[in-house]
Amino acid sequence: MPPSQKLTTHLLTLHSSTLKSATTHPFLAHAGTGKLPKTILAQWLSQDRLYAQTYVRFIGLLLSKVQLPTIPTAERKKESGECSIQEKIMRVLVDALVNIQVELGFYERTAEEYGLDLNTVTPGQEGQEEEEGAFGPNEVTRGYIDMFLSSAGEKRALLEGLTVLWATEECYLRAWRYAQSFQSQSQSQSPSSSSSGQDADADMDGGALRNKFIPNWASKEFEEFVVKIGCVLDEYAALELGGDLSEKGGLEKCEGWWGEVVGLEVGFWPDVEGVEV
């Protein structure tokens, strides 16, 4: 990676074909066109909720790695004019924790409103469900859980966990912006149609995606949050990758986590083969 290049910019040049597959999956096209059956949406949403629950533990582990400066903020600001990078990281992580708490409540309210079962079992998981007697993560969700806990583990550098945080949110935003693009195309072709009302009522999921989920996950507010994470990551990486961490393979580890995230993301979307868009 060239010294002047940002870490996030560098990572986006890697695994580009996998990233495209992960963020333009057929599931997202069905979601954007209102042709995603309730059962498939419920399967995915059930797993995404488990992902979000583990995200809480992940952020908590990252917060435990933050080392705030001993000198009061006001005194340091007189010299530098800004907060320390550790303070910036803490603020981003606290925002992430608050956001996911709100998100979990949003899942449950929306699922109840549209009749989506948040304990829906993924096809092929039925035997496991009966054997264990309880709903749980499927194979890909388990991979995400393991990655979260591993990247934020005791022996991992904070930079690694921040890379995973940014990577997951970047992929999520790109994916739902892709789904949203189908609605934008539909509106431009038929200016008189609205993004809710009769159009949403005709959707196979009853309008949950069009009215609630896509506007939330493709919002300007979410984009601003992802950008904020990226800025903090780039600033921290510029400091860390220029020191001892580079000798220990710091960049290579970040590259490895990026590859793992985009690989998991491809498999996280349910199969929609046989459902016509």
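**Burial, ring pairs and salt bridges**

Student: Why is Trp217 called buried?

Tutor: Trp217 has a relative accessibility of 2%, so it counts as buried; buried means under 20% relative accessible area, exposed over 50%, and partly exposed in between (1.4 Å probe, protein chains only). Please note that this is a predicted model, in which local features need pLDDT of at least 70 and side-chain atom pairs count only at pLDDT 80 or more, while totals for chains, interfaces and linings use all residues. Residues are numbered from 1 along each chain as its sequence is written, and side-chain values use heavy atoms, with hydrogens and water left out.

Student: What makes Tyr107 and Trp217 an edge-to-face pair?

Tutor: Rings of Phe, Tyr and Trp (its six-membered ring) pair if their centres lie within 6.5 Å; planes under 30 degrees apart count as stacked, over 60 as edge-to-face and the rest as tilted. The ring centres of Tyr107 and Trp217 are 6.2 Å apart and the planes stand at 70°, so the pair is edge-to-face. Tyr107 is in helix α6 (residues 85-114) and Trp217 in helix α11 (residues 208-217), so the pair ties together parts 110 residues apart in sequence. Helices (H or I, at least four residues) and strands (E, at least two) are DSSP runs, numbered from the N terminus. Tyr107 is also buried, its relative accessible area being 2%.

Student: How many aromatic pairs are found in the whole structure?

Tutor: The search finds 26 aromatic pairs. One of them joins Phe27 and Trp269, which are stacked, with 5.5 Å from centre to centre and 25° between the planes.

Student: How do you know that Asp95 and Lys228 form a salt bridge?

Tutor: A salt bridge is a side-chain nitrogen of Lys or Arg within 4 Å of a carboxyl oxygen of Asp or Glu. The closest N and O atoms of Asp95 and Lys228 are 3.5 Å apart, and the two residues form a salt bridge. Asp95 belongs to helix α6 and Lys228 to helix α12 (residues 220-240), so this pair ties together parts 133 residues apart in sequence.

Student: Is Asp95 buried or partly exposed?

Tutor: With a relative accessible area of 30%, Asp95 is partly exposed. Lys228, at 40% relative accessibility, counts as partly exposed.

Student: What separates Glu170 and Arg174 in helix α9?

Tutor: They are four residues apart in helix α9 (residues 158-189), so about one helical turn separates Glu170 and Arg174. Their side chains meet in a salt bridge (2.6 Å, N to O).
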